[in-house]
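Dear colleague,

I am handing over the structure below, and my notes on it follow. Please read them alongside the coordinates.

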Amino acid sequence: MPSLSRIAVPLLMAGAAIALGWYGWQRSDATAAESITIAIPTQMSAGTVFVARDKGLFSRQDLAVTVQSFTLGKQALQSVLDDKADLALVADVPFMFARANQQPIAVVATVFASRHTMALLGRLDRGINAPGDLAGKTLGTVKGTNAQYFLDKLLAIHAIPDAAVMIVELQPEQFDAALRSGQVDALTAWSPLLTRIQAAHGANAAVLMEPDMFVYRFVLVGKKRFLDAHPERVARALSALADAAASIQEHPAEAQALIARAIGLQPQQLAASFRAGDYALSLDQSLLLSLDDQTRWAMKRGLIRAGRVPNYLDAIDVRPLALTQPAAIKLIR
């Protein structure tokens with residue numbers, strides 16, 4: 001099958017160059033900065049946004065960026081859906097749910113993909129040392145997010161049936177109290193919450209991570225109306241994030257300290273989960289495969305209406321990334 005990056009991207013670049021006249025890359029110093037609002041979760045996943053903001057990389061692209069901060073990516077997504085932000089950084093599961101609900105949004109790039117950020121945090125004194133110990137336990141998660149998807153996959157690969165556990169819906173601000181009080185024996189958590197709760201429970205904390213099973217993926221999305229009206233502005237935002245990713249990989253210690261400060265941790269607290277290579281812009285087949293799998297999972301769970309898995313190529317707008325990093329697009333039609 002032909003590769004989208006080999007065929008469609010050059011055509012898109014040529015068309016965009018004609019339509020835009022490469023306006024974004026030829027801007028004069030006298031041109032006023034254009035505004036853009038990006039909603040993000042205060043998590044490691046937003047590392048490129050933190051770096052781009054603090055190093056003035058958005059300004060170099062003649063962008064005046066307003067950053068809205070939330071606890072969860074799905075809250076950031078809601079800001080876009082409510083027309084309070086132009087772009088949002090959100091995990092792929094909430095994006096999948098939004099598309100299932102016919103929301104007119106599209107992905108412009110994956111900006112973060114980590115195998116060391118999501119985990120199940122349990123109490124040793126409740127007999128949790130390994131995934132096989134979860135049978136008969138009460139587990140907490142945030143429904144409608146990657147946390148719920150991760151938990152279901154964890155139970156499935158360790159052959160723990162649904163009937164063997166009790167699932168309790170929690171909000172992030174309830175995590176520590178629920179674990180401390182014994183309301184739950186374990187819960188799904190991610191950095192920085194994972195790090196904070198693990199530190200609070202000290203030697204009694206068991207962290208169960210499955211790096212070969214799960215990728216904690218965050219994508220940058222926007223309403224199609226905005227993306228159609230401002231492809232060049234979005235492309236410049238992606239260019240700033242690409243520069244930020246390059247800076248993270250070239251200066252990882254500096255980036256680790258900057259990101260840790262942005263999410264309220266000490267740099268050494270980020271060491272276990274920080275990987276400079278997790279920060280890179282892409283649009284590749286792994287995103288499509290993940291969205292397909294999540295959709296089947298949500299249908300099986302009755303979380304969305306059963307039916308055909310949609311063609312998620314229709315939910316991806318390659319135009320902005322084609323203008324900035326065409327080699328990062330590796331999609332197959």
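Helix α12 (residues 285-300) has 16 residues, which at 1.5 Å a residue should span 22 Å, and the 23 Å between its end C-alpha atoms agrees with that; the expected span is taken as 1.5 Å times one less than the number of residues. Helices here are DSSP runs of H or I of at least four residues and strands are runs of E of at least two, numbered from the N terminus. This is a predicted model, in which local features need pLDDT of at least 70 and side-chain atom pairs count only at pLDDT 80 or more, while totals for chains, interfaces and linings use all residues. Residues are numbered from 1 along each chain as its sequence is written, and side-chain values use heavy atoms, with hydrogens and water left out.

Among the buried residues of α12 are L287, L288, L291, W297 and M299, where buried means under 20% relative accessible area, exposed over 50% and partly exposed in between, with a 1.4 Å probe and protein chains only. The elements that cover the buried residues of α12 include α5 (92-100), β4 (105-114), α6 (146-157), β10 (216-223) and β11 (283-284); contact means heavy atoms within 4.5 Å. Just after α12, G302 takes a positive phi of about 75°.

Of these covering elements, β4 is itself mostly covered, with 9 of its 10 residues buried. β4 pairs with β10 in the antiparallel sense over 8 bridges, pairing being assigned if DSSP finds at least two bridges between two strands, and A109 has L220 in β10 as its bridge partner. A109 is also touched by S282, whose other contacts, not counting residues up to four places away in sequence, are T110, L321 and A328. S282 is placed in the loop between α11 (252-263) and β11, and it counts as buried at 16% relative accessibility.

In helix α6 lies K153, which is partly exposed, with a relative accessible area of 23%. With residues up to four places away in sequence not counted, K153 touches M213 and D293, and its C-alpha atom is separated by 12 Å from that of R296, 143 residues apart along the chain.

Elsewhere, the axes of helix α2 (residues 47-54) and helix α10 (residues 231-250) come within 8 Å and cross at roughly 100°, the axes being lines fitted to C-alpha atoms over the stretch in contact and the angles running from 0 to 180 degrees between N-to-C directions. That makes α2 roughly perpendicular to α10, a term used for 65 to 115 degrees.

Best regards

Terms used. Angles under 35 degrees count as roughly parallel, over 145 as roughly antiparallel, 65 to 115 as roughly perpendicular and the rest as oblique.
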